[in-house]
Amino acid sequence: MLREENHLRHYLILILGILTFVFLIYYFKYYNNVQIILAGGLSAFYCLWGIIHHAVEGRLSRLVFLEYILVGLLVFLLLFTALSI
Amino acid sequence: MYNSLPIEKYMFIHNFLPHPYHRSRARLLSHKALLVYNVFLILFFAFTHYVPKIYPGILGYASDIKISELLNLTNKKRAASGLSELNINNELSKAAYKKAQDMFAKDYWAHVSPDGKEPWDFILAEKYDYSYAGENLAKNFNTSKEVVEAWFSSPSHKDNLLSKNYDEIGFAVVNGTLDGYKTTLVVQMFGRPRTPSYLAKVNEESINEKILESVKEESVVENSAELPKSLETETNGNLFTLSYISLPSVIDVSTAQKVVGLTFGGFITGLFALDVWYSKRKAIPKFTGHTLAHLSILAITVIGIWLALSPGKIL
């Protein structure tokens, strides 16, 4: 039960964090450099969330760590490609 | 005789679906595949960033911006705020045009040129003696409405649009190659003449003809590599402004951005969605990161690209 509550709390933090970054990226629609920094922030936030979440659950392995880095990088590159040109 | 066809079919489907026996994700979502996607995006960025420097003009931004629309939209915004409409002024338009030409010629995107020339220098060079003046810049936009909305959403540009200190306005919409990309620059210049008599429309027709001729001559000399198809005149009472007709580029960067961001991001998001659905259906336990978390952030990223992708830049 406690684990499930933790899980929900972690997901709530993730969703709130993502929505905050998305709102800020939209808010700074015409400030390209700020948007790119925010995209980096979103990516870093996601990597950290994944790593901390799995560490707390005691399921953090080298492959899981690598997976979050790769997905975080993918998110950043998708946004960066769209914003940088 | 051994028939390998069903096995091959079974193996192929696991490029897209998780494997129940290996307890792994689809092959297209493996670590290697994710690495390949990242490398692809880096290469795409390198292509769009360096190709214009090697082959200028291949990439660009398609646009359909009209000065008459820019003027109407600007005045509508002012009218909505209870302010007087701005009258278009030839000298300000010519100063705006020369500023745009200067940006293309010296390849910069700023209010102040690399050699220190400020917006006021362009205005004063046209013998426009002002008590107040201002400048808004825009590039890479598709429509006139997008340009005015972008300016209106930025506090400093909005201040210019809704300033009580201006009576007159000038526009230039000029196509050219900036930083290797074919693009459209929009220059908006505001002013209040120091002496009201300056507004007197004396010998207007001859002044207009002179401006048109001088701009035609300059465009041939200074911008010979990027010759316009024709010069367009737009009338507003007896005054006019000048703009180039659009020259289409080979690849529209805005479209390329959207196609790559949305299709590529959408494809990977779709694979993660399939993973969540199939794993639940077949009760496949996997010792990986949380697929639902990956799915959430990628889906929001794809939506974010759609919403946050600014149609252009303002300064």
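In the predicted model, strand 4 and strand 5 of chain B form a hairpin with 2 residues between the strands. Within this hairpin, D179(B) adopts a positive phi near 55°. The two strands run antiparallel and are joined by 11 bridges. Strand 5 of chain B spans residues 181-193. One of the facing pairs places T177(B) opposite K182(B) of strand 5.

Strand 4 of chain B also pairs with strand 2 of chain B, here in the parallel sense. Strand 2 covers residues 87-88, and the pairing comprises 2 bridges. N87(B) has E168(B) of strand 4 as its bridge partner.

Strand 4 of chain B is largely enclosed by the rest of the structure, because 11 of its 11 residues are buried. Side chains in a regular strand alternate between the two faces of the sheet. In strand 4 of chain B, one direction is taken by E168(B), G170(B), A172(B), V174(B), G176(B) and L178(B). I169(B), F171(B), V173(B), N175(B) and T177(B) point the other way. Both sets are buried.

F171(B) counts as buried because 28 C-beta neighbours fall inside 10 Å, against a cut-off of 20 or more. K94(B) is 77 residues from F171(B) in sequence. In space, the C-alpha atoms of F171(B) and K94(B) are 8.0 Å apart.

Chain B as a whole contains 10 helices and 9 strands. Of its 315 residues, 36% are buried. Among chain B contacts with a separation of 6 or more, 77% involve residues 24 or more positions apart.

Chain A has 3 helices and 0 strands. Its elements follow the order α-α-α from the N terminus. Chain A has 85 residues, of which 38% count as buried. For contacts in chain A between residues at least 6 apart in sequence, 58% link residues at least 24 apart.

At the interface, 31 residues of chain A contact 35 residues of chain B. On the side of chain A that touches chain B, two or more residues come from each of helix 1 (2-27), helix 2 (32-57) and helix 3 (62-84) of chain A. Helix 3 of chain A supplies the largest share, 17 residues. By class, this side of chain A has 23 nonpolar, 6 polar and 2 charged residues.

Methods. Residues are numbered from 1 along each chain as its sequence is written. Chains are lettered from A and ligands numbered from 1 in the order in which they are written. This is a predicted model: local features need pLDDT of at least 70, side-chain atom pairs count only at pLDDT 80 or more; totals for chains, interfaces and linings use all residues. Helices (H or I, at least four residues) and strands (E, at least two) are DSSP runs, numbered from the N terminus. A residue is buried if 20 or more other C-beta atoms lie within 10 Å of its own, exposed if 12 or fewer, and partly exposed in between; C-beta atoms are placed from the backbone. Two residues are in contact if their C-beta atoms, placed from the backbone, lie within 7 Å. Ala, Val, Leu, Ile, Met, Phe, Trp, Tyr, Cys and Pro count as nonpolar, Asp, Glu, Lys and Arg as charged, and the others, Gly among them, as polar. Two strands pair if DSSP finds at least two bridges between them.
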